[in-house]
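Subject: Structure for you to look at

Hello,

Here is the structure I promised to pass on. Please open it first, then read my notes beside it.

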Amino acid sequence: MTGPTTIDVRDVAIERGARQVLHGVSFSAARGELLALMGVSGTGKTSLLRALSGLDPIAAGEIRIGDVHLQPGRVPRLRELHRSVSMVFQFHHLFSHMSALQNVCLSPVHVLHESRAAAERRGRGLLEMLGVESRADAMPHELSGGEAQRVAIARALAVDPGVLLMDEPTASLDEARRRDLAATLLQLARQGRTVVVATHDTDFARACAHRAVMLEEGRIAREGGLSDVLRVF
Amino acid sequence: MSSRLAIIAIGLLLSSAKVVNAQQAPELRWGGDAEGGAPFVEADPRDPARLIGFDVEIAELLARDLARAPRFVQVAFTSLDASAARGDFDIGLSGIEDGPARRTRLAVTVPYYEFREILTVREADRDRFRTLADLRRRRVATLGATLAYDMLVAAQAEHGIVPVTYEDDVHPYSDLALGRVDAVVLDYVLAERGVARNAGLANQEAELGVGRYVGVLAPDRTALRDRINGILQQAMRDGRLEAIFRRWNMWNEDQPRLYARVLASDATEMLPANASAATLNVWDATRRYFPSLLNAALITLMLSCAAMVLAVVVGVLIASGRVYGPRPLNAVLTGYVEVIRGTPLLLQLFVLYFGLASFVQLPAFLAALIGLGLNYAAYESEIHRAALEAVPQGQLDAARTLGFSDAQTLALVRGPQAFRLALAPMTNDFVALLKDSSLVSVITVVELTKQTSIFAANIGSWLVPGALCAALYLVLSLPLARLARRIEKGWRRE
């Protein structure tokens with residue numbers, strides 16, 4: 001099911017001011033793999049995702065994502081990184097002054113320099129794939145939590161990234177929506193994307209992840225198949 | 001405790017003794033504008049606490065003969081009539097011109113000095129600009145709310161000159177020397193002084209009109225006015241007035257003729273030859289002045305809109321520089337904001353227009369636009385900086401993970417969202433700017449408030465001009481506030 005390695009994290013440490021939130025974390029993920037980053041709140045899952053997406057620097061170690069190499073103190077080649085890595089935030093962070101479709105098309109038009117018409121066509125296609133095409137013209141505050149999340153996924157997929165990072169995607173979803181999301185993420189992985197999901201929702205992880213990394217107090221406690229990693233739950 | 005009470009009691013006794021003393025020596029409160037300068041009223045350069053000028057000496061003469069102590073009350077020149085009518089002082093003396101409006105609304109003394117209005121031009125134009133008729137489409141300066149201003153308004157209709165009003169009598173001449181205006185019309189007392197102070201100016205011989213200085217009192221003070229008339233006439237007879245004007249190098253052959261007429265006839269019938277709007281009643285005057293008020297309102301609107309555009313553009317640049325720029329740039333921009341916010345707009349306008357005149361001669365409207373625009377840019381920059389910083393970090397993170405550069409994030413995400421937050425305070429700022437634009441009259445731009453004060457001075461009342469002016473400001477500002485509210489509402493719905 002999985003292909004060559006696309007994410008390689010080696011001995012990564014992350015600091016928040018004087019506090020070290022991650023201590024020498026190493027793991028990798030392959031093309032077509034859906035990896036669950038697990039652990040209770042405050043174990044460093046979100047910090048790790050932010051480092052993978054180039055939002056925050058790392059204090060030690062290195063991260064390789066495709067051709068991009070992130071090191072402590074080095075300014076990453078963000079454009080190149082963001083062509084291959086997209087992130088869906090826990091609170092979606094849809095641009096509040098734009099409609100759902102405009103949110104999806106913004107990056108293709110201004111970063112990939114696609115024509116507006118082509119970007120809109122593709123944007124509508126993504127919204128349709130995620131089942132929210134009818135909400136294309138709605139403003140973010142008019143969307144339900146589940147709709148907003150699917151629009152945020154469509155926005156992240158609009159640049160056709162090889163790696164999709166998701167932070168606590170089930171936080172605002174009911175059971176039915178969780179099942180839909182799990183199916184969607186598996187479909188994205190099948191299309192050849194690497195999907196990394198930070199979650200503390202074990203049922204959701206069991207439903208979709210190929211593999212899991214369990215973080216405890218900023219360190220990897222277990223890593224491997226879902227049944228091994230989640231045996232204590 | 002008892003000693004403290006004793007001290008308080010002694011203090012009270014002393015202060016009540018002072019009051020009794022003051023009541024024993026009644027005052028002659030006389031109003032004037034020390035900004036008018038010599039030879040009328042000015043602070044003594046050797047002792048600024050003391051006033052000098054021929055009007056000061058006349059006030060002292062009157063006080064002496066009335067057995068009172070003279071006490072000066074500072075009042076802006078254009079407010080002297082209104083202040084006299086209110087009874088802020090017993091008599092106003094500050095080169096106040098005789099005129100029918102004054103006579104109908106105030107108790108006016110006999111004239112004590114006669115002057116001629118003359119034309120001052122640059123030496124090089126002496127043969128070209130001999131009369132107002134030669135000054136078609138040329139800028140001709142004078143003091144606002146004076147006989148000379150009325151003459152220029154008449155010449156505007158007749159000869160197509162462009163009247164430019166000043167708040168003081170020094171800058172018309174310095175601006176003439178600099179080439180900002182092509183002529184000045186004022187009385188020869190001021191003209192002589194202007195020519196003496198500025199090289200390259202010349203007074204034309206021909207007289208454009210004749211005016212007389214009078215004292216003004218509240219309309220019900222006719223008894224005091226009559227006593228003062230008696231004192232002035234006596235001073236004309238015994239040479240005391242002559243002595244005062246000789247001290248100020250103002251005595252000439254016109255004065256004995258004036259005094260002879262004043263002493264021989266009923267001087268209150270002597271009116272200036274070219275009394276104009278002042279003879280009209282309030283409603284006729286309103287009809288006559290309303291078009292010029294509308295014109296002035298248009299200038300206010302144009303100036304405010306252009307200055308606001310400049311303020312927003314510069315304000316956004318400053319805010320962006322402070323949010324995104326390196327530390328030295330941030331320090332420079334913060335310095336700009338603090339200096340501009342910490343100093344009066346009036347001072348900035350003076351420096352920009354008069355202070356920099358020897359380096360760069362900005363036209364008055366442009367100087368007003370730049371002055372207002374750059375001043376409000378400092379306030380705008382704070383609004384936009386706060387708005388930029390109020391955009392949630394999550395929005396910026398999302399933009400970054402989508403591959404936008406800082407500039408793209410600012411233009412596509414942060415800027416538009418910040419603008420929505422800034423709209424309400426920006427509207428406030430615009431309304432404030434609209435009203436602050438009245439300050440530019442000090443650099444000769446006749447906008448709504450200035451035109452109103454000229455109107456009010458000419459008809460001798462603020463009631464109708466003030467109400468019209470307020471109505472016009474509301475007409476300008478209310479639709480804008482409504483529009484801003486509608487936009488905001490629309491955005492909130494989004």
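Leaving aside its neighbours within four places in sequence, which residues is Gln348(B) in contact with? Contact here means heavy atoms within 4.5 Å. Gln348(B) touches Val339(B), Ile340(B), Thr343(B) and Asn375(B). Gln348(B) itself lies in helix H13 of chain B, residues 345-355. Helices (H or I, at least four residues) and strands (E, at least two) are DSSP runs, numbered from the N terminus. Gln348(B) is buried, at 15% relative accessible area. Buried means under 20% relative accessible area, exposed means over 50%, and partly exposed is in between (1.4 Å probe, protein chains only).

Some ground rules. This is a predicted model, where local features need pLDDT of at least 70 and side-chain atom pairs count only at pLDDT 80 or more, while totals for chains, interfaces and linings use all residues. Residues are numbered from 1 along each chain as its sequence is written, chains are lettered from A and ligands numbered from 1 in the order in which they are written, and side-chain values use heavy atoms, with hydrogens and water left out.

**Where the chains meet**

Start with the contacts: 25 residues of chain A touch 20 residues of chain B. The size of an interface is often given as the accessible area lost when the parts come together. Buried area is that loss for two parts (1.4 Å probe), summed over both. Chain A and chain B bury about 1,900 Å² between them. Carbon and sulfur atoms carry 58% of it. In chain A, Leu55(A), Phe95(A) and His97(A) lose the most area to chain B. Together they make up 29% of what that side buries.

Now the polar side of the story. A polar contact is a pair of N or O atoms within 3.5 Å. Within protein, one atom must be able to donate a hydrogen and the other to accept it. Residues adjacent in sequence count only if both atoms are side-chain atoms. Across the interface, nine residue pairs are in polar contact, both residues at pLDDT 80 or more. Three elements of chain A give two or more residues to the side that touches chain B: helix H2 (78-84), strand S6 (85-88) and helix H3 (100-110). By class, that side of chain A has twelve nonpolar, nine polar and four charged residues. Ala, Val, Leu, Ile, Met, Phe, Trp, Tyr, Cys and Pro count as nonpolar, Asp, Glu, Lys and Arg as charged, and the others, Gly among them, as polar.

How many salt bridges are there between chain A and chain B? The count is one. A salt bridge is a side-chain nitrogen of Lys or Arg within 4 Å of a carboxyl oxygen of Asp or Glu. Arg50(A) pairs with Asp397(B), at 2.9 Å from N to O.

Asp397(B) is also one of the buried residues of helix H15 of chain B. That helix, residues 393-401, is mostly covered, with seven of its nine residues buried. Just after H15(B), Gly403(B) takes a positive phi of about 95 degrees.

**Other salt bridges**

Over all chains, the count comes to 47 salt bridges. Here are some of them.

- Arg206(A) and Asp203(A): the closest N and O atoms are 4.0 Å apart. The two are three residues apart in helix H7 (residues 202-208) of chain A, so about one helical turn separates them. Arg206(A) is partly exposed at 44%, and Asp203(A) is exposed at 53%.
- Arg86(B) and Asp88(B): 3.2 Å, N to O. Arg86(B) is exposed at 67%, while Asp88(B) is partly exposed at 22%.
- Arg221(B) and Asp90(B): 3.2 Å, N to O. This pair links distant parts of the chain, 131 residues apart. Arg221(B) is partly exposed at 27%, but Asp90(B) is buried at 9%.
- A network of salt bridges links Arg122(B), Asp125(B), Arg128(B), Arg138(B) and Asp182(B).

**Cysteines**

How many disulfides does the structure hold? Zero, over all chains. A disulfide is a pair of cysteine sulfur atoms within 2.5 Å. The sulfur of Cys305(B) has its closest cysteine sulfur in Cys469(B), 17 Å away, so the two are too far apart for a bond. Cys305(B) is partly exposed at 34% relative accessibility. Cys469(B) is buried at 9%.

Best wishes
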